[in-house]
Amino acid sequence: MSTEALARLAEERVDHRFKGLPPDAAGHTVGELAAQRRNLFTGGFPTPVLVLSAERLAHNLALMQTYTARHGLAFAPHGKTSMAPQLFHRQIEHGAWGITLAMPHQVRVAREFGIQRVFLANELVDAPALRWIAAELAADPGFRFVCYVDSVRGVELMDTALRGNGATRPVDVVVELGAGDGARTGVRTEAEAQAVAAAVARAETLRLVGVAGYEGEVPRADPERVRSYLRRLVALAVELDKGGRFGKAEEIIVSAGGSAWFDAVSEVFAELPELSAPVLKLLRSGAYVSHDDGHYRRLTPFTRVPEEGALEPAFRLWAQVVSRPAPEQAFANAGKRDAAHDLDLPTAQVVRRNGVERPATGITVTGLSDQHAWLRTEPGADVEVGDWIGLGLSHPCTSFDKWQLIPVAEADGTVVDYVRTFF
């Protein structure tokens with residue numbers, strides 16, 4: 001982990017690029033601003049401003065560390081959720097094996113900040129990206145990189161690109177098993193998986209080290225269908241091992257796990273028999289780090305296994321009421337540019353006026369324009385122009401990506417840190 005690169009984040013100067021920060025902070029470094037410990041509500045922060053709860057962030061990090069350890073799982077949380085190296089660092093401090101990513105650019109960000117283990121949940125056939133990966137592997141013997149393969153053609157393209165660049169270390173790959181017809185990527189049948197594994201065996205630039213998939217793409221997902229798919233994944237690992245396909249692997253990776261079914265992953269992975277090499281049962285859930293107030297609150301496995309604990313939504317978007325044109329209508333100054341809206345609209349949670357916070361009773365977000373939230377106000381809803389309104393968000397992945405620098409605040413509003421994102 002590159003502490004120097006992380007330290008440089010604190011040296012970045014605040015300016016017009018970063019929305020939601022106090023105008024008089026311009027010219028200060030991020031570190032200087034954090035040391036001022038300004039209050040979110042009285043320290044000059046304009047609206048809209050997205051905020052992470054310091055306490056809830058810490059709680060979620062600790063909870064998943066405990067959960068994965070209890071169930072004998074390694075953990076490579078999906079970094080595309082936050083694209084925040086500071087959070088990658090904290091996830092690894094909380095026991096993560098490494099970081100999962102989806103695109104070559106994201107791997108470059110992770111490497112810039114010293115991440116030593118990267119699981120790329122995608123087939124990588126882009127020649128310039130493979131050339132860069134080969135150079136990274138050659139330059140750093142401690143760098144571990146694993147990516148998907150799901151086609152013979154993909155294997156051939158990877159091998160051609162790597163041979164053309166004189167790769168000195170083989171690239172570790174796992175066969176991706178698709179979650180069913182109509183699902184996303186991955187081979188659809190076990191026969192196709194065997195063909196891909198055979199193609200990898202013919203490619204000296206690649207090494208087959210396991211199998212992987214994403215149960216979140218199971219069509220019409222329910223516990224039975226998800227477990228059935230995961231058992232296919234486990235059986236595929238067993239069959240490939242029996243065929244000697246992992247002969248060059250020091251450990252065999254079996255990986256799955258989004259943020260909706262990791263309880264099923266834990267259950268089925270516990271059924272894995274002994275294989276010819278040690279098995280790394282790798283979970284990849286990423287949305288837990290901030291959780292949310294919508295999609296993942298409804299889907300989180302912790303609702304099915306409450307004895308395991310509960311994640312807490314760590315995001316709140318603060319906006320200000322700027323118009324009250326009718327008794328049943330109001331508008332706040334946060335819209336699609338500020339709030340996640342691809343899965344659910346934000347939810348009005350609290351109203352703040354003159355330092356007093358109360359529930360946002362009778363206030364509903366009914367739509368978003370680019371820069372406005374449409375609020376329906378029921379009879380008796382107490383909301384005025386100038387009030388601050390705290391909004392809960394759904395879907396962390398499309399919340400982080402709208403903000404380059406996110407204040408982290410304690411429960412009393414004291415801002416103790418700022419999280420930098422790289423999208």
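# Close-up views of a predicted model

**View 1. Gly362 in its loop.** Gly362 is partly exposed, with a relative accessible area of 24%. This figure, like every other here, comes from a predicted model. The residue sits in the loop between strand 13 (356-359) and strand 14 (363-368). Setting aside neighbours within four places in sequence, Gly362 is in contact with Arg376, Thr377, Glu378 and Ala381. Gly362 and Asp382 are 20 residues apart in sequence, and their C-alpha atoms are 8.3 Å apart in space.

**View 2. Helix 3 against helix 4.** Two packed helices are described by the angle between their axes and the distance between the axes. Helix 3 covers residues 54-70 and helix 4 covers residues 85-93. Their axes come within 9 Å and cross at roughly 40°. Helix 3 and helix 4 are therefore oblique to each other. Their crossing is right-handed. On the helix 3 side, the contact is made by Leu57, Ala58, Leu61 and Gln65. On the helix 4 side, Leu87, Arg90, Gln91 and Glu93 meet them. Sorted by class, this contact has four nonpolar, two polar and two charged residues.

**View 3. Helix 9 against helix 10.** Helix 9 and helix 10 pack at an angle of about 45°, with their axes 10 Å apart. That angle makes helix 9 oblique to helix 10. The crossing of helix 9 and helix 10 is right-handed. Helix 9 brings Val226, Arg227, Leu230, Arg231, Leu233 and Val234 to the contact. Helix 10 meets them with Ala264, Val265, Glu267, Val268 and Phe269. By class, the contact of helix 9 with helix 10 has eight nonpolar, no polar and three charged residues.

View 4. Helix 10 spans residues 262-269. Seven of its eight residues are buried, so helix 10 is largely enclosed by the rest of the structure. The buried residues are Phe262, Asp263, Ala264, Val265, Ser266, Val268 and Phe269. They pack against helix 3, helix 9, strand 8 (252-256) and strand 9 (279-283).

**View 5. Nonpolar cores.** The largest nonpolar core holds 127 residues. Within this core, Phe119, Phe145 and Val171 touch the most other members. Helix 9 (residues 223-242) gives the most to this core, with nine residues. Now focus on Val171. Not counting residues up to four places away in sequence, Val171 touches Ile133, Leu137, Phe145, Cys147, Met158, Leu162, Thr205, Leu206 and Arg207. A second, separate core has 18 residues, among them Ala25, Leu33, Val415 and Tyr418.

View 6. Helix 5 runs over residues 104-112. Its buried residues are Gln106, Val107, Val109, Ala110 and Arg111. These pack against helix 4, strand 3 (99-101), strand 4 (117-123), helix 6 (127-139) and strand 5 (144-149). Arg108 also lies in helix 5. Arg108 is exposed, with a relative accessible area of 55%. Just after helix 5, Gly114 takes a positive phi of about 80°.

**View 7. Arg220 in a loop.** Arg220 lies in the loop between strand 7 (206-212) and helix 9. Arg220 is exposed, with a relative accessible area of 64%. Arg220 has a positive phi of about 50°, although it is not a glycine. Arg108, from the previous view, is 112 residues from Arg220 in sequence. In space, the C-alpha atoms of Arg108 and Arg220 are 35 Å apart.

View 8. Most residues other than glycine have a negative phi, and most peptide bonds are trans. His395 is a residue other than glycine with a positive phi, near 85°. His395 is found in the loop between strand 16 (388-392) and helix 12 (397-400). At 12% relative accessibility, His395 counts as buried. The peptide bond that joins Thr47 and Pro48 is cis, with omega about 0°. Pro48 has its place in the loop between helix 2 (30-36) and strand 1 (49-53).

Key
Residues numbered from 1 in each chain as written. Predicted model: local features only at pLDDT ≥ 70, side-chain atom pairs only at ≥ 80, totals over all residues. Heavy atoms only, no water. Axes fitted to C-alpha atoms, helices over the stretch in contact; angles between N-to-C directions. Helix = DSSP H or I, 4+ residues; strand = E, 2+ residues; numbered from the N terminus. Parallel < 35°, antiparallel > 145°, perpendicular 65-115°, else oblique. Left-handed = near helix turned anticlockwise from the far one by under 90°. Contact = heavy atoms within 4.5 Å. Nonpolar A, V, L, I, M, F, W, Y, C, P; charged D, E, K, R; others polar. Core = buried A, V, L, I, M, F, W, Y, C linked by side-chain atoms within 4.5 Å. Buried < 20%, exposed > 50% of the residue type's maximum accessible area, 1.4 Å probe, protein only.
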